[in-house]
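Here is a short briefing on one protein model.

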Amino acid sequence: MGRRSGNPESKGSIQLSGRKASGPGTQAVEAGRKKEWTGPVVNPPVWRASTHLYEDTAALAKGRPNVDGNFYYGRRGSPTQWALCDALTQLEPGAFGTLLYPSGVAAIAGALMGILDAGDVLLITDNAYEPSRNMAEMLLKPFGIETRYFDPRDLDAFPHAFCDRTRAVLLESPGSLTMEICDVPALAAIARKKGALSLIDNTWAGPLGFPAFERGCDISIMALTKHVGGHSDLMMGSVAAKDEEIYTRLRQRAQLLGQVVSPDDAALALRGLRTMPLRLARSSETALAIAEWLRDRPEVAHVLCPMLPGSPGHDLWKRDFTGGCGLLSFVLKGRRPDAVSRLIDGLEMFGIGFSWGGFESLAIPFEPSRARSATSWPPEGWDRDDRFGVRLAIGLEDRDDLLHDLEQGFAAMERA
């Protein structure tokens with residue numbers, strides 16, 4: 001699953017009555033709704049099927065081309081999964097095709113195992129999602145793939161991280177938990193000169209906020225669990241490829257590994273996709289207001305939100321991004337873990353839980369020093385006691401209600 005079929009000259013856009021649908025809201029509504037998949041209804045029906053039947057033995061002997069839209073066997077999908085792949089490809093400017101995986105972590109693993117072989121070297125940004133780091137040590141290393149970490153903000157040092165065995169670079173911008181923005185176009189250009197592919201975990205902004213292929217990347221990965229699903233009720237990931245050669249290799253290895261997603265989950269993801277632009281706009285607006293409020297709190301040492309003017313990386317965010325989301329972090333001034341716990345336990349509206357991108361707001365503590373190899377935490381120039389913080393995932397609740405809840409959390413921290 002799944003290359004988007006249709007006119008290759010219109011790849012990455014949607015044709016509506018002779019004009020291109022360029023607005024994100026219109027694209028989210030129209031993408032993936034081919035007449036042959038929807039029939040007379042608005043949404044593609046849920047095709048639950050393991051066995052696809054052939055008309056006769058001659059058709060069976062002839063076989064089916066391995067592309068989306070051709071019935072073959074349930075593991076290759078059916079119109080429900082194909083419609084989601086088609087929609088995601090259309091929303092990703094410059095994408096050749098998209099594959100689905102049963103979780104975001106499975107998508108990262110599928111992308112890496114799809115392009116790397118024994119003896120290859122992988123470079124990973126030092127502020128990557130921690131499961132990506134675990135994957136390097138516990139999955140890739142036993143297969144003979146070496147991983148090295150680099151500081152994504154040190155462009156001068158980056159070319160020296162490569163060797164003749166370096167095949168790929170895994171980027172993430174903003175960085176996980178600590179929200180650093182890196183110069184993706186510059187890093188991708190260096191990687192290309194060195195003969196390496198650039199992959200990016202683009203879950204934070206997604207294609208509506210960061211057009212990964214237009215910024216030089218070769219592979220774009222998303223946890224559809226987050227913004228696309230939007231309702232905290234499904235697990236899924238996707239990998240989009242810039243060209244046919246990469247896509248074909250990824251598809252082959254995904255099918256060899258038996259990767260497939262449920263049509264019921266694909267239908268949920270399609271439903272969430274239709275309102276994603278609205279939810280992203282709402283959560284981003286509220287998150288920015290909360291970031292501004294946090295910046296004025298005496299208990300807060302640093303607000304980690306690239307959308308916030310004056311924050312580290314904001315200029316790169318303005319240059320390269322067209323949107324954001326509701327995920328941000330803040331670091332408390334000279335506090336210990338027990339203070340962080342009191343603050344979070346004092347919240348009533350914010351849930352305590354992993355993930356993000358759903359309609360509900362969440363909070364978790366963080367201190368990422370154990371997940372750093374090429375950089376340090378706290379960063380150079382910070383007070384060494386400013387190291388413990390809170391990650392907030394802002395949902396769709398009213399801004400003033402969330403601010404009141406945070407005020408309660410700070411008050412609970414101080415009462416102890």
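The points below are grouped by topic.

This is a predicted model. Its largest pocket holds about 730 Å³ of space. The second largest pocket has a volume of about 370 Å³. The structure holds 0 disulfides.

**Largest pocket**
- The lining of the largest pocket is made up of 36 residues.
- Nearest the centre of this pocket lie Tyr 129, Pro 131, Ser 176, Trp 356 and Arg 391.
- Four elements are listed as giving two or more residues to the lining: α5 (104–115), α6 (130–140), β8 (219–223) and β13 (362–366).
- By residue class, the lining of the largest pocket has 21 nonpolar, 7 polar and 8 charged residues.

**Second largest pocket**
- The second largest pocket, at about 370 Å³, is lined by 20 residues.
- Arg 153, Glu 180, Pro 312, Pro 379 and Trp 382 are the lining residues closest to its centre.
- The lining of the second largest pocket divides into 10 nonpolar, 6 polar and 4 charged residues.

**Helix α6**
- Helix α6 gives two or more residues to the lining of the largest pocket.
- Which residues of α6 are buried? They are Ser 132, Arg 133, Met 135, Ala 136 and Leu 140.
- Seen down the axis of α6, these buried residues fall within an arc of 155°, so they line one face of the helix.
- The cover over the buried residues of α6 includes α5, β4 (121–125), β5 (146–150) and β6 (166–172).

**Cysteines**
- A disulfide is a covalent bond between the sulfur atoms of two cysteines.
- Is Cys 85 buried or exposed? Cys 85 is buried, because its relative accessible area is 0% and the cut-off for buried is under 20%.
- Cys 163 counts as partly exposed, because its relative accessibility is 25%, between the cut-offs of 20% and 50%.

**Glu 380**
- Where does Glu 380 lie? Glu 380 is in the loop between β13 and β14 (389–393).
- Glu 380 counts as exposed, because its relative accessibility is 79% and the cut-off for exposed is over 50%.
- Glu 380 and Leu 187 are 193 residues apart in sequence. In space they are 22 Å apart, C-alpha to C-alpha.

Note on methods. Residues are numbered from 1 along each chain as its sequence is written. This is a predicted model: local features need pLDDT of at least 70, side-chain atom pairs count only at pLDDT 80 or more; totals for chains, interfaces and linings use all residues. Side-chain values use heavy atoms; hydrogens and water are left out. On a 1 Å grid over the protein atoms alone, a cavity is a set of points where a 1.4 Å probe fits but cannot get out, and a pocket is an open set with protein on both sides within 12 Å along at least five of seven lines; lining residues have an atom within 4 Å of a point. Grid points are joined across faces, edges and corners, and a volume is the space filled by probe spheres set on the points. Ala, Val, Leu, Ile, Met, Phe, Trp, Tyr, Cys and Pro count as nonpolar, Asp, Glu, Lys and Arg as charged, and the others, Gly among them, as polar. Buried means under 20% relative accessible area, exposed over 50%, partly exposed in between (1.4 Å probe, protein chains only). The arc is that of the directions from the helix axis to the C-beta atoms. Contact means heavy atoms within 4.5 Å. A disulfide is a pair of cysteine sulfur atoms within 2.5 Å.
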